[in-house]
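Colleague: I'd like to learn how to read a model like this one. Could you walk me through it, general idea before the particular case?

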Amino acid sequence: MIEPIREGHISVPGGEVWYKIVGSGGATPLLTLHGGPGAGHDYLEPLEALAADRPVVFFDQLGCGKSDKPDDASLWRIERFVEEVAAVREALDLERVHLFGQSWGGWLAIEYMMSEPAGIVSLILSSTSASVPQFAEETARLKSTLPKAVLETLNRYEATGDYDNPEYEEAMMAFYTQFVCRLDPWPDPLERSLNNLMTNAGAYEAIQGPNEFTITGNLKDWDRTDRLGEINVRTLITCGRYDELGPACADTLDSGISNSEVHIFEQSAHVAHLEETESYLQVMRDFLNRVE
């Protein structure tokens, strides 16, 4: 892990968020938006390797990690998170950035782009989608491919809303190990992010729901498919072959964004930057260098 050259806290709507900047190269900074919501920046740590060329900016979104964790459900709206991104950029003088969003961070990046922000040099949408309904369709399809006994267990506990039952949680792992991360064991940065989610689940539950394929949160109808044409910056779209937000979601993004390209990581699920780290970093470097 590269030592930060700068870290601290920033005031955003609703509280303060923690940030760190690694690297001091002269190329355009990379601003990262982590997933969850509520996972924290930890699992994105492999991207620190890009700091040899440029500053890489990480921050824990409000409600998780080293940031404030207010007990106010009204804060867990994508519109407020868009304001948070703008506040981070302003506080850190990030006039020109490459914007990276992974999973929920990709939804946030797309929504932020709808506000027509200045200074976005390029966009990287990693393992994400243009809409939550398409995400729900994909997870339902993938869930149906699980072994019969696992599927029956999931359906039985979902029918009663008993999402915390140990048998249900064990059955969920059959989904996670196929479509979230296929490494065994899971890397420490991913485990730390999952711990963030488990200990500070307010934003995740309010925005998404109890788990990856029970979508009941306030973003369940979010859909920017018809507005993707408003994104006019160079865009890299990545996903894993076995991703819960996989090739079908990537194709929708690619079809809607005029100046985009897609890279599918053949051995990965939802966290290709952890599952195929060196290949992922090379794809990122190539794209960023070409854009600049």
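Modeller: Helices (H or I, at least four residues) and strands (E, at least two) are DSSP runs, numbered from the N terminus. Thr153, for one, is found in helix 4 (residues 148-160). Bear in mind that this is a predicted model, where local features need pLDDT of at least 70, side-chain atom pairs count only at pLDDT 80 or more, and totals for chains, interfaces and linings use all residues. Residues are numbered from 1 along each chain as its sequence is written, and side-chain values use heavy atoms, leaving out hydrogens and water.

Colleague: Is Thr153 buried or exposed?

Modeller: Buried means under 20% relative accessible area, exposed over 50%, and partly exposed in between (1.4 Å probe, protein chains only). Thr153 has 15%, so it counts as buried.

Colleague: And what is Thr153 in contact with, leaving aside neighbours within four places in sequence?

Modeller: Contact means heavy atoms within 4.5 Å. With those neighbours set aside, Thr153 touches Glu167, Tyr168 and Ala171.

Colleague: Where is Gln208, then?

Modeller: Gln208 sits in the loop between helix 7 (202-207) and strand 7 (234-240). Gln208 is buried too, at a relative accessible area of 4%. Beyond four places in sequence, its contacts include Gly36, Trp107 and Phe135.

Colleague: How do I read two packed helices?

Modeller: Two packed helices are described by the angle between their axes and the distance between the axes. Axes are lines fitted to C-alpha atoms, for helices over the stretch in contact, and angles run from 0 to 180 degrees between N-to-C directions. Here helix 1 (residues 78-91) and helix 2 (residues 104-113) pack at about 80 degrees, with axes 9 Å apart. Angles under 35 degrees count as roughly parallel, over 145 as roughly antiparallel, 65 to 115 as roughly perpendicular and the rest as oblique. Helix 1 and helix 2 are therefore roughly perpendicular.

Colleague: Which residues meet there, between helix 1 and helix 2?

Modeller: Among them are Phe81 and Val85 from helix 1, and Trp107 and Leu108 from helix 2.

Colleague: What about the strands?

Modeller: Two strands pair if DSSP finds at least two bridges between them. This model has an open sheet of 8 strands, ordered 1-2-4-3-5-6-7-8, with mixed pairing. Strand 1 (6-12) and strand 8 (260-265) are the edges, each pairing on one side only. Strand 3 (residues 30-33) and strand 4 (residues 56-59) pair in the parallel sense over 2 bridges, and Leu31 stands opposite Val57 in strand 4.
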